[in-house]
Amino acid sequence: MSVAERAGTVADASGRGAAFASPSAGEAATVVEPLIFEASAPGRRAVRFPQPSERARRVATGQPDLPAGSLRATAPRLPEVSELDLLRHFNRLSQLNHAIDLGFYPLGSCTMKYNPKVNEWAAALPGFAASHPVDPAASSQGSLELEWLLGELLREISGFAAVSLQPAAGAHGELTGMLMTRAYHRANGQGETRTRVLVPDSAHGTNPATASMVGYETVTIRSNERGGIDLDALRATLDERTAALMITNPSTLGIFEDQIDAVLSAVHEVGAIAYMDGANLNAILGRFRPGEAGFDVMHFNLHKTFSTPHGGGGPGAGPVGVGERLVPFLPGPQPILAEGDPDTVRRNAWAGRSTPGARFALEEPGSRPESIGRVRMHTGNFGMFVRAYTYIRSNGGAGLRAVSDDAVLAANYLRVRLADAYDLPYDRICKHEVVFSGRRQKRANGVTTLDIAKAILDHGIHPPTIYFPLIVEEALMIEPTETESLETLDRFVEAMHEIADRAGSDPGSLRRAPVTTPVGRLDEAGAARRPDLRHAFGETGAE
Amino acid sequence: MAYSPHTEADHRRMLDAVGVVSIEDLFADIPPAVRADRFAVPPPLTEQEVRGELSRLAGRNVLPRVSFLGAGAYRHLVPAVVGEVIGRAEFATAYTPYQPEVSQGTLQSIYEFQSMVCELTGMEVASASHYDGATATAEAALMACRLTRRDRIAVSSAVHPQVREVLRTYCSGPGIEIVEVPAELAEGGSGLTAPDAAASVLDDDVACLVAQQPNFFGGIEPMRELGEAAHVVGAQLVALVEPTSLAILEAPGGYGADIVTAEGQPLGIPLSFGGPYVGLMAARMASVRQMPGRLVGATRDAQGRKGYVLTLQAREQHIRREKAASNICTNQALCALAATAYLSAVGPDGLREVAQLSMTQARHTAAALEEAGLGERRFTAPYFAEVAVRVPGAARRHAALLERGILAGHPLWTDYPDLDDTLLLAATELTTDDDIAALVDALEATR
């Protein structure tokens, strides 16, 4: 099957049924908001820049000219718009989005909690926003101290020996963790014999994809009937070829791995690395510290657990924590406390004071010869560090513990309240999210989970994650987070009940949903078959 | 918890509904042996206290009065309207647009971003964004390996040192070998990558040649000839470019680049100590199935309304798992939106003015130092907006100028030990004649 056909199948599996008009069928589409290019008129301007001075122009001519062959012949067709038209265009576009700041967003695995506004205030402080990443350390003590302090807080929260802030997202943290794993095994002379990474069948797609990027083969381990990892299957697969086990805990089913000690011992017995996907850390703050429990490496998602905004898909930040044996392999350079007593510096910072004589720096190049090196430029998505640091300090230890308490309570509340209407394949106490199945509605009424999700949109609520984890038929993965009021949770319960009722009484209306959104279900298969990935500027024959 | 909506009564009602006595019961599944022993995170702060703490830290950064520092991150005007656009909560607090019916704002803005990146680069398809310019370049090199089924890459030594480090890191896992093409950095050298030097390391095992335009030293590389040297052996040209320069310099599609990457920070994104920035990637349509990262495509709904969706997802990890083109999931969407708003705000004329003024002021800077006998250009080649200048006693004087609030560029010997006494000076449209005069005066004073 070609990639296009496969993409079509995927979309068909979820978007079946709808009769889409073919874009080539002649009739022009109705446009909700024109492209910004269509507001363009030659010579229209939003921003102007000064002209160079007479002197600048004169002395510059003495410098070597750009070679004629290196110059651009035609200007890029960027839009030419007024500032007001620009603003209205993007403001209108923004109004086509659902967002946390507009309504409930129980998207499982994504931790769509409130993004506090004081975090934005902090990130915009000129001392941070105008700080150049290549500034000498003497000029950037504030940025370096913040990075060092955030690393200290993440260490305490996770129980790891050290933290690297560099990775830009969760998947980037996974890549960093697996590159360190490979470097560790190579340092032990086992780099080429340990070739396999074990991944449970409930894992995020990024886990196997990461293993492949590092040159590892993925072996899938099945889950047991309780939703945990099948210990016998794991033990039977672990051997001297195993480089690592990557698991998410709590799992993508929202279930804490209650045999975690046995899992970790089995992994370590064969000399493999235990990787924890930290996507679900929001469930266990103050309750379970993965480093202390024996994991070797974990990535944090600052854009999930620590409230930095998702931005429509990013930026995030995916720091990694590591146990002692991976410390030499951490990416570099690390922000360090070069002079001063760490206890004193921490104590002062927690009291809002600077420590006289303390000096922060980046590690000297080559100071850790076994380091995997840089995984990105500079020291990380610093703006996200400012927000996460602000969030952690605002909550404090007690507040972070309460975050997990309330996240878990809310998920269990929905678990109990919705169990009459939807199938619950793993009916046990969950952590921060709960996974239902729409199989009852599918079998009885021919209504799929996709239909249910689209009907939720008509209630002004973002649907849960659907069709994931893969081991649950017609999965609906619900993560309410700790910042939603009981009234909001109850409204969601009502909406889900209304939809379950309608699945019986009027299933056709669910298949036609959504009807209140700016556009209806879109022809995804057609989009993949005839890719239209950029504005054509009226050219003929453009894709 | 700082942002809890729950009253005591709410808690009670929820616990009762769940059928447990206390919240502790909900954590009974964590085996006692692995429960947290400690959690010594400092106590909570009120908003005014947390503002005090963050102001303390921000205040410890010393922003230079005058700066000629670039080296991969540039101080440009960020039009106020750009901040207004990305500050919209509907953009900032949305997730990845997995439900297109309620994500058309994000999706259409990404389609506009892809269109603008194609225009700038002269390429046929652009991805929805990468973490930064360096990771985009590393992903491009891996993509070239997949496209050519080869496992060596060549990179010019005039590519940003941090980008080369990231390439090494990404290639270390799968064991892809990297060969370096030495640029002409010796005394009296051009500061460029010679096509002959590239040709001598390129053979039919090499997947791609990675070159930067303008290169790390600001020099204008012979990209067309470098591309030809790569294409002769069936290798690809990966061009890492600076986006504002594309208003003046030839679009990479024109000189035969196969994959184009860029650090998008100059397009309306604050310096913010190195991130978040945005990596750009563009390629030819024929290569799209091997392209990493999200793509947005136009389509329509059953009523014939035009709409946008994430498409060609069969390249991606959530569909293909271990067979995906990359593991990338979260990208830098809001920064891509900033770049889209920036490019819309400046338009083609504004972008050309930014490029032209940056270039003029860089030349003005070099000429002023030469005129005053304070330094001389280290390389002979024409340059864009960054220039390597040899200044006797540069280490001492760089430090002395910093004391006076003047940041005299990037000390090149920290990356290239042979480039002693050489400073890499960057100018942008924000560099004023007074800044240049201040640099000259301060260097005079430290003779």
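Which side chain does A:Arg428 meet in a salt bridge? The model is predicted, with local features needing pLDDT of at least 70, side-chain atom pairs counting only at pLDDT 80 or more, and totals for chains, interfaces and linings using all residues. Residues are numbered from 1 along each chain as its sequence is written, chains are lettered from A and ligands numbered from 1 in the order in which they are written, and side-chain values use heavy atoms, with hydrogens and water left out.

**Figure 1. The interface of chain A and chain B.** Here 229 residues of chain A are in contact with 193 residues of chain B, contact meaning heavy atoms within 4.5 Å. About 18100 Å² is buried between the two chains, and 63% of this lies on carbon and sulfur atoms. Buried area is the accessible area (1.4 Å probe) that two parts lose on being put together, summed over both. The rule finds 102 residue pairs in polar contact across this interface, both residues being at pLDDT 80 or more. Helix α13 (residues 382-418) of chain A supplies 28 residues, the largest share of the side of chain A that touches chain B. That side divides into 123 nonpolar, 60 polar and 46 charged residues. For these classes, Ala, Val, Leu, Ile, Met, Phe, Trp, Tyr, Cys and Pro count as nonpolar, Asp, Glu, Lys and Arg as charged, and the others, Gly among them, as polar. A polar contact is a pair of N or O atoms within 3.5 Å; within protein, one must be able to donate a hydrogen and the other to accept it, and residues adjacent in sequence count only if both atoms are side-chain atoms.

**Figure 2. Salt bridges between chain A and chain B.** A salt bridge is a side-chain nitrogen of Lys or Arg within 4 Å of a carboxyl oxygen of Asp or Glu. By this rule there are 58 salt bridges over all chains, and 14 are found across the interface of chain A and chain B. One salt bridge pairs A:Glu145 with B:Arg60, whose closest N and O atoms are 2.5 Å apart. Because A:Glu145 lies in helix α6 (residues 141-158) of chain A and B:Arg60 in helix α2 (residues 47-60) of chain B, the pair joins two chains. In another salt bridge, the side chains of A:Arg77 and B:Glu119 meet at 2.9 Å, N to O. Helices (H or I, at least four residues) and strands (E, at least two) are DSSP runs, numbered from the N terminus.

**Figure 3. The seven-stranded sheet of chain B.** This open sheet has mixed pairing and the strand order β2-β8-β7-β6-β5-β3-β4. Strands β2 (125-126) and β4 (177-181) of chain B stand at the edges with a single partner strand each, so one side of each is left without a neighbour in the sheet. Two strands pair if DSSP finds at least two bridges between them. Strand β6 (residues 236-241) and strand β7 (residues 259-263) of chain B run parallel and are joined by four bridges. To pick out one residue pair, look for B:Leu240, whose bridge partner in β7(B) is B:Thr261.

Figure 4. Chain A is assigned domain 1 (121-394) and domain 2 (402-528), with bounds that come from an automatic or database domain assignment. Their C-alpha centres lie 31 Å apart. The contact takes 25 residues from domain 1 of chain A and 18 residues from domain 2 of chain A. Together these domains bury about 1700 Å², with 55% of the area given by carbon and sulfur atoms. On the domain 1 side, A:Leu253, A:Asn282 and A:Ala283 lose the most area to domain 2 of chain A, together 31% of what that side buries. Two salt bridges are found across this interface. As for the opening question, A:Arg428 meets the side chain of A:Asp258 in a salt bridge (3.2 Å, N to O).

**Figure 5. Local backbone features in chain A.** A cis peptide bond, with omega about -5 degrees, joins A:Asn249 and A:Pro250. A:Pro250 sits in the loop between β4 (242-248) and α10 (260-269) of chain A. A cis peptide bond also joins A:Gly332 and A:Pro333, with omega about -5 degrees; the place of A:Pro333 is in the loop between β7 (320-322) and β8 (335-339) of chain A. A:Thr481, a residue other than glycine, has a positive phi near 70 degrees.
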